[in-house]
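Take a walk through this protein fold.

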Amino acid sequence: HAIRPERHSRLLAAVLPLVVLSEDEASCVAALDFVVELVCAVPGFLSQCVHGLISAFLPPQKAAAVARPPEWLPTHLHAAIESVLKVIPLATSHLFDSVKEHFPHKRQSALEHSEFLKQTLMLLKYTPALLPRIIQLTVARMVELDVEIALQQRMLEDDAPHDGAIFEVDLQGEPSEEEVRKMRDDADKLDTMMRLVFEAIADANAPRGSCSEARAGGLCGAGGTLESSHKHEPAQRRVTPGDSAANLHHALLASFSNSILHTYK
């Protein structure tokens, strides 16, 4: 019988978690190869495959805690996504929907925010068409966190004795240690996201070949290249450093107008 989404979606649903939960690199690569071959052979699986691959941007849950993903995972994960895009360019629209759906909620951990955003910015290296929407989504989520922190600060100031002191994030004790902890966590999330975006801006404006190899995220990626497990395949739709900087500049201006000015009027 032919492989069809309505008959075999459960099989794919069982394989996709292996991408992020595999303990060894070989198992992860085998799972990714299966996913890529399946979606290229039967495009009807495209939406499910893309959602599964993007969900792997989030660090795995192990023993009721969020664990940092293995260092080798992003290379293979992005190679698989790029391979799908080479065969089905229209998958780009599914990518943004998946990023928006899986983008961490403000209540999720700082590690989940940092890992997801890091891989999302890496995604832009070979899907520049998504740049305006991804940047606007990222800025909007940062604004949400900033507003949340401001509300938390206001609540704490209302409850605290009015001694004229300026509120600080590292305030201890009164009025509520739990509320202060929540605000610290939100501040850590926002700081991490801002750092990643600033690194992306620096990378996009850096001269060719000067991207820091220490950066795993950003628009230049690690060392300015994306190492694919399919090395014989040329990178898709690479943009020049000048184009990347200009596109990012316009995306940031649009995000500032649509999100920041609208929120802080």
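Begin with how the chain folds back on itself. Of the contacts in the protein with a separation of 6 or more, 72% join residues 24 or more positions apart. Contact here means heavy atoms within 4.5 Å.

This is a predicted model, in which local features need pLDDT of at least 70 and side-chain atom pairs count only at pLDDT 80 or more, while totals for chains, interfaces and linings use all residues. Residues are numbered from 1 along each chain as its sequence is written, and side-chain values use heavy atoms, with hydrogens and water left out.

How confident is the predictor? The score to read is pLDDT, its confidence in each residue, from 0 to 100. The mean pLDDT of the protein is 79. A value of 70 or more is reached by 75% of the residues. Residues 212-218 stay under 50, and the model gives them 20 contacts beyond four places in sequence. Residues 220-236 are also below 50. That stretch has 39 contacts in the model beyond near neighbours in sequence.

Now the architecture. The protein has 10 helices and two strands. These are DSSP runs, numbered from the N terminus: helices are H or I with at least four residues, strands E with at least two. From the N terminus on, the order is α-α-α-α-β-β-α-α-α-α-α-α.

Next, the surface. The accessible surface comes to about 14100 Å², computed by the Shrake-Rupley method with a 1.4 Å probe. Carbon and sulfur atoms hold 55% of that surface. Of the 265 residues, 43% count as buried. Buried means under 20% relative accessible area, exposed over 50%, and partly exposed in between (1.4 Å probe, protein chains only).

Look at helix 5, residues 73-87. Its 15 residues reach 22 Å from first C-alpha to last, close to the 21 Å expected at 1.5 Å a residue. The expected span is 1.5 Å times one less than the number of residues. Helix 5 is largely enclosed by the rest of the structure, because 11 of its 15 residues are buried. Among them are Leu73, His78, Glu82 and Leu85. The buried residues of helix 5 pack against helices 2, 3, 4, 6 and 7.

Two of those partners deserve a look. Helix 4, residues 46-55, is mostly covered, with seven of its 10 residues buried. They include Cys49, His51 and Ile54. Helix 7 spans residues 110-123 and holds Gln119. Gln119 counts as buried because its relative accessibility is 5%. Beyond residues up to four places away in sequence, Gln119 touches Phe57, Pro74 and His78.

How values were computed: pLDDT is the predictor's confidence in each residue, from 0 to 100.
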